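Hi,

Here's the structure I promised to pass along.

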Amino acid sequence: MDQYQILKQYFGYDTFREGQETLINGILEGRDVFGIMPTGSGKSLCFQIPALMMEGITLVISPLISLMKDQVGNLNQAGIHAAYLNSSLTTNQYFKALDFARQGRYPIIYVAPERLMTDSFLDFALNTKISMVAVDEAHCISQWGQDFRPSYLKIVEFIKRLPVRPIVSAFTATATQEVRDDVIDILELQNPTVITTGFDRSNLFFGVMTPKDRYGAIRNYLETHPRQSGIIYCLTRKNVEEVCERLIKDGFAATRYHAGLSDGERRKNQEDFIYDRVPIICATSAFGMGIDKSDVRFVLHYGMPKNLEEYYQEAGRAGRDGEPSECILYYAGQDVITNQLFIENNKDNEEMDEITQELVKERDRERLKKMTFYCFTNECLRDYILKYFGEYGSNYCGNCSNCLTQFEEVDITDAAKAMIGCVESSRQRYGVTVIIDTLHGANTAKIRQYGMDQNPYYGELAKVPAYKLRQIMNYLQLQEYLAVTNDEYAVVKLTANSRKLIEAGEPLFMKMAKEQERVPKADRKGRKRKGSVSLDDRDESLFEKLRTLRMEIAREEKVPPYIVFSDKTLTHMCVVKPKNKQEMLTVSGVGEFKYEKYGARFLKCMMGEEKQ
Ligand code: ADP
Ligand code: MG
Ligand code: ZN
């Protein structure tokens, strides 16, 4: 079978996605390859397909047990023999698996990096034909990345021990140049074919909201998105507890995950989520690495993470199956302070000398600032993210909260001058709230105590709503007409530009959301989302029936539902409405093997629908 037949027969797909073909062909020509592609782009197929075509065994190195389990489960479901060797196996199971491997039963074996140099594994590997070593999550080899794993360094040592050098392939979703260079250098890739595909995830909707009542906003989201599976990230363990508790009290099926729980509870809660027993998980950033669940429909952030790297990684756990999914960040001003405290009290770098520590902190503060600007900007959010990672966006994506809000250009010259004047006349001593309250003419104890009711600008902008004053304040920071100190006091200061603005005769404009014409809710729900066929009501009910059947099968086979069929496959089934085997095989994600296993049951389920 060639690569196209395998794609269809085993995986049920008609065409390759961007980058896949080049990487597969590179491997088949005997070259090393390096694939840098975003999450959900289909990196696994790039080593799995050639593994089935080459003589000998492909070893896949993966950092986490859960990732291995998931991928091996997927392969077995597709009718491909694969196994994993890691610490989750008992000694007996481990040696049994090695025996099967010696007999040539598995074309693909997943191995934990710690295993590679053990006697028992070397004894096997040195006496077998290893055609390829595929390094998944290859960024783990770089100390620059967030996920450095010293055990990954063993891979090189291992490859050198082999009698014949196998093809080495590496895959990651992490983009930065340092990490890329490290992967090539440390793994000693030989003249590799390198493929980088864009980092855009067009099926993801990005949104930023600044609601007064964050919990209420999230509850509202969940109410309008029933039966969907999603993650709610919180900044602290305490937030996780609070949000999870309130959700349960409000009748939602939710669970929790953070580093303060016992190993047992963490494992159980994670599995409940993956197996769709509980659709919603509240978690800190400790949750996620190794979550391959493909049908996560939303990732909500109750609080702003400390940088865009982290945000994009967490948000990116939505929609791996390519179906429309939503990533919404619920921002509040205190998030900045929480993150500043994280940065100042960071104990991770204690072994560094003081100067280096200070440099790292400075870098982290800068990253936090860029993250904060993401929450303020009125420009396309996708564009902002892509630019941050060094790509060119398009200014307008049509699938983010800013692109879907109607804006108007507003002349803010007078307001800006008053703000700068107020900061200057109060001798740059106060934070954002005091400045805004002063301009707004608030009659509070604090304002009187600071004597700000005597400030020449007191009440100067009384007619502008306070939230708009905040937007303008944010915008002035974004444009560097004002700055806020990076410490816990967050004092507003003048910048080199402040004077220029006051003296220049030029007006200053800012994009502001139009009051009445915000895209109405009903519209948003019905909008045709990118990358998807929308289902009408009848199809929705069919989709639900197929989902129920999928859950039934998943329970019988003790695998997560998305491993039986992905949401995308079920959606496609609702559109194609296959009546026989031939038609069923045209559905994306249905291959021969899966058809034999489940085809009849799904056809029957579709037929039942026909008769109604
Ligand atoms: P990555 O490792 O790059 O994050 P995966 O290998 O886990 O992504 O693949 C993500 C999803 O995309 C899986 O559900 C996979 O079956 C699907 N997929 C991969 N290649 C294709 C393709 N050519 N056509 C359709 N779906 C694909
Ligand atoms: Mg992967
Ligand atoms: Zn946009």
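Starting with helix α19: its buried residues (under 20% relative accessible area, where over 50% is exposed and in between is partly exposed; 1.4 Å probe, protein chains only) are K468, L469, I472, M473, N474, Y475, L476 and Q477. The cover over these buried residues includes α14 (354-376), α16 (413-425), α17 (432-440), β15 (482-484), β16 (492-494) and β17 (509-513). Helices (H or I, at least four residues) and strands (E, at least two) are DSSP runs numbered from the N terminus. α19 itself covers residues 466-478, 13 residues, and its first and last C-alpha are 18 Å apart, close to the 18 Å expected at 1.5 Å a residue (that is, 1.5 Å times one less than the number of residues). Just after α19, E480 has a positive phi of about 60 degrees.

Before going on, the ground rules. This is a predicted model, with local features needing pLDDT of at least 70 and side-chain atom pairs counting only at pLDDT 80 or more, while totals for chains, interfaces and linings use all residues. Residues are numbered from 1 along each chain as its sequence is written, chains are lettered from A and ligands numbered from 1 in the order written, and side-chain values use heavy atoms, without hydrogens or water.

Now the ligand. Ligand 1 is surrounded by 14 residues (a heavy atom within 4 Å), and the closest are Y13, G40, K43, S44 and R320. An oxygen atom of ligand 1 lies 2.6 Å from a polar side-chain atom of Y13, and there is also a 2.6 Å distance between a ligand oxygen and a polar backbone atom of G40. For a polar backbone atom of G42, the distance to a ligand oxygen is 3.1 Å. On its own, ligand 1 exposes 580 Å², and the protein buries 84% of that (Shrake-Rupley, 1.4 Å probe). Helix α3 (residues 43-53) gives the largest share of the shell, three residues.

Two side chains to look at as well:

- T255 sits in strand β10 (residues 254-257) and is buried at 8% relative accessible area. Leaving out neighbours within four places in sequence, T255 is in contact (heavy atoms within 4.5 Å) with C244, N269, V278, I280, I281 and C282.
- Y312 belongs to helix α12 (residues 308-315) and counts as buried at 12% relative accessibility. A polar atom of the Y312 side chain lies 2.6 Å from the backbone oxygen of F199.

Cheers

Note on methods:
Polar contact = N/O pair within 3.5 Å; in protein donor to acceptor, adjacent residues only side chain to side chain.
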